[in-house]
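Take a look at the protein below.

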Amino acid sequence: MTAIALATSILCAAPSAPAQSPAVPNTDLATQLQQRFEAQEAAVASYLAANPDVSREVVRDGVVYRIQRIGADGQPIYIKSKGTGLEMRSNVESGQLIRADSLYPGGSLGVNITGQNMVVGVWEPGVPRATHELLAGKVNIEANQLGSTTDSARNHATHVTGTIIGKAGLSGDGTSARGIAYSATARNWDSDNDTTEMLAAGGLAVGGLLVSNHSYGYANDNTIPKWQFGAYDSESRAWDQVISSLKHYQPFVAAGNEQQANGNPTKGGYDLMTGASAAKNVVTVGAVNADKTMSSYSNWGPTDDGRLKPEIVARGTGINSATAAGDAAYSGSGADSSGTSYATPAAAAGALLLQQFYRERYAGGYMRSETLRALMLGTAEDLGRPGPDHQFGWGLLDLHKAASVIKQRTSPGGTGSCSSHTYSPSELRGAIVDELSANPVNNGAAECARAVYARGGTPLVVNIAWNDDAGPEQTEADQVDPTTSRLVYNFDIEVREASTGKVYRPWKIPDMAHRTEDATLSTTAFDDMGQNFKQVIIANPVADTQYYVILRKHKTSPVTDKNLSLVITGTSISNAPAEIRGTPAVTGTAQVGQALAGSYSYWDFEDNTEGASTYRWVWATLSDRGGVTRTTIAGATARNYTPVGTDQGKALQFCVTPVAAVGNTSAGKEVCSGSTTAVAAAPLLNASCGSAANTASTFLPAANLCLAGSASAVSAGTSSWSWGCNGSGGGSNAVCSAPFSSVAVGGGVGAIQSSGNNNWQIRTASSGFVSPPAAPPSGVSFPRGATKVVLDSGTPGTSATVTLRFSSIPAGAQLYKYGKEGGLGDTNKWFPYPATIDAQAGTVVYTLTDGQKGDNDWTQNGVIDDPVALGLAASASNVTSVPTLSEWGTMLLGTLLAASTMLTLRRRRQ
């Protein structure tokens, strides 16, 4: 007989440098898995040699079947990739059904999580077309991947990889084919030696994979022995060996597509889990339609020992994605557009997004794999029968709800300890995600406890999960549907209401004999022995009431502690003040005169925006007892600070006190950065003027003030600008100046300034000293020509103050404005305009109001464009100046005056 397997792709998220590197796997296990693979390859070669009419690969109805290994009965076991060929939908719509878009920019969660800096691994019978427009530059095919090269296998690998990481921003069919984690990249393997490669990729390097997605498995047709349906066989066990040896690695496996036609027809679509899909630590994924109804092809559980399968569902019907037929080829509504093969990468891509969000939210850490599983299953949308069932599992993946739990995570208390811990109402933020590394004593009675307060108005849901060790292998000798549990560790959970003592117990999953029935509630401790994920729901908890979460370990469990994760939703939410997450940082060189910049990560559990957080820079001194004494630096209250001479030799810290703009606006706890090195003296620097010096300028110089040194403020004199360039480290200073520009008439110089109030700015390219646009009024002259001033960027309807500077101003001068004096219906003309003129200082100061007299367009539009001129009346301009005399002329005038005086005296004597 022949056993054939369904092809499922693997999605594994591999960050470039996770903060928590996965545990290094057991080298003995790696050797064991490699030997297992080599033995299987040898058996395949021997079988093919003995059966020359059999090929390792065949294509049937467009689907590739590839011999993976030889079964215990001597017959080949195949893997295959296939779809059901239903109506076309898209990767984008698949993501929308699981609410992935809530994590995207503009989504309801207010974050930007699209797979940035995450790496995904994909295992398939074949490898994808890496040059496809949806994948180009995003795929790395690992070395020595010698799997199927058929079009079908390459199409399937390309399709699955596109669902996970297909790039955004394409047009045509590529628009709807964008992947769910579209900013991630991929590593791709063939599936021949999957478990060995998974062990290596998932744990031997710091950049170990976080999530894997497998769209391949047994064919589940009438060629597979009946005992293997639902069995925990050698393949299932090998996968659990890999997963339980790695701390952060979570595979996702397709449930299969044989619901309507299979080798176990008496079960009505149930009892179809085989191989990897029957493992305990994987997430087996079923497929639903666009309307969340069950598809006509997705396989159902349970396993023989009554474990829930599948665990979760996602959309798998009619998914448009890339194919290998060309660089712009898409599956559309063809024969490879539906199946659990395409629901699985949607779920795995969602897991990748959750891991990225968790890492960014909590300073670089990743969830352990059992934590991720508890989060995803514990927040799924219940479909089908009430509670868990063997068609929909725990329900439809809901990324919005799962990510909300991450946002509302309360800082863990008692983590790693089995002692009791009480979460007070003031510290609860809506959810708890605790990763425990200690267990109760394995006697079924000892307890670990967590006390929480319920929010009320929403269910209080408690979930636990763990990665179980590989259990005893099931073989043909065990016959069909043996009910013996394959679980090694077993934990029980119950929730007790503190005020009444009422006890709430977890779901009890229907076993094989009751597979079509509704789940019930356990009535005693350890009533549901086979599951390594358990959930308790208090549908209507009493608000602000305390509940105890009790964990126990069964007496048959090993003494050795097992990592255990606890995810609780529906706890009370305190309106806590804002926080600083992590430690503020200081960048820059700690040296006199060199700017330092402070940075930090603001946090608010209610996601209230940041308000007026306060800052201070301090001198940090170590105390005798190892603490830090902080002395505030006067005036250093901004995010940036430039050390001065008094800071020399001292270490500095940047401190932040966070404040939210709304909600709880009280000041949060101050958090300070680490200390800088001791501030060094400034290097010797002799200042010198820049190219702005000695360059005539109509406007206040702002650039190129100093070639070396720091510039002081620029001031205006009667004919020039001036500023200083300051040296440092004992170096010399420089005094710099630049003349005003020449005016249009009269040979003087001048400058134009604006106060900058109400955002008004001089449009320098359009302003300057010009010839008058029209003749002056009768009896008036313009001895300095005209000045064109164009103001823009102002607040419409507000006023701007302008200062004109001239090297000299004639006595009696008055400011004239050119434009429409009486309104838009008036004609352009020169008219007197009020101004303050200081001839001694050489300044003319006047105010213009947007849309009023002086604004020629009489419109409040943030622009004022009209010339002005200094006018001099004719009576003032016609005064004849007394001519000056030369030195000889003065002496001659003196002689004549003396002679005239003597003549007068003589006449008086006579």
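A disulfide here is a pair of cysteine sulfur atoms within 2.5 Å. A search of the whole structure finds 3 of them. This is a predicted model, in which local features need pLDDT of at least 70, side-chain atom pairs count only at pLDDT 80 or more, and totals for chains, interfaces and linings use all residues. Residues are numbered from 1 along each chain as its sequence is written, and side-chain values use heavy atoms, with hydrogens and water left out.

Start with the overall picture. The protein has 11 helices and 49 strands. Helices (H or I, at least four residues) and strands (E, at least two) are DSSP runs, numbered from the N terminus. Of the 910 residues, 55% are buried. Buried means under 20% relative accessible area, exposed means over 50%, and partly exposed lies in between (1.4 Å probe, protein chains only). The protein exposes about 35500 Å², and carbon and sulfur atoms supply 51% of that area. Accessible areas come from the Shrake-Rupley method with a 1.4 Å probe; for residues, only the protein chains shown count as cover. Contact means heavy atoms within 4.5 Å. Among contacts with a separation of 6 or more, 74% are between residues 24 or more positions apart.

Now the disulfides. Cys-655 and Cys-672 form one, with sulfur atoms 2.0 Å apart. The pair links distant parts of the chain: Cys-655 sits in strand β30 and Cys-672 in strand β31, 17 residues apart. The angle about the S-S bond is 105 degrees, and the link is right-handed. Cys-655 counts as buried because its relative accessibility is 1%. Cys-672 is buried too, at 13%.

Cys-689 and Cys-736 form another disulfide, their sulfur atoms 2.0 Å apart. Cys-689 lies in strand β32 and Cys-736 in strand β37, so the pair ties together parts that are 47 residues apart in sequence. This link is left-handed, with -95 degrees about the S-S bond. Is each end buried or partly exposed? Cys-689 is partly exposed, at 28% relative accessibility. Cys-736 is buried, at 2%.

A disulfide also joins Cys-706 to Cys-725, S to S 1.9 Å. Cys-706 belongs to strand β33 and Cys-725 to strand β36, 19 residues apart. The torsion about their S-S bond is about -95 degrees, so this disulfide is left-handed. Cys-725 is buried, with a relative accessible area of 0%.

Next, the cores. A nonpolar core is a set of buried Ala, Val, Leu, Ile, Met, Phe, Trp, Tyr and Cys residues joined through side-chain atoms within 4.5 Å. The largest one has 82 residues, and Ile-98, Leu-103, Phe-252, Leu-353 and Leu-354 touch the most other members. Elements that give two or more residues to this core include β6, α3, α7 and α8. The largest share, 12 residues, comes from α7. A second, separate core of 28 residues includes Leu-460, Phe-491, Ile-538 and Tyr-547.

Helix α8 (residues 369-378) is mostly covered: 10 of its 10 residues are buried. Among them are Glu-370, Arg-373 and Leu-375.

Finish at Lys-820, in strand β45. Why does Lys-820 count as buried? Its relative accessibility is 19%. The Lys-820 side chain makes a polar contact with the side chain of Asn-828, at 3.3 Å. A polar contact is a pair of N or O atoms within 3.5 Å; within protein, one must be able to donate a hydrogen and the other to accept it, and residues adjacent in sequence count only if both atoms are side-chain atoms. Beyond four places in sequence, Lys-820 touches residues including Phe-831 and Trp-858.
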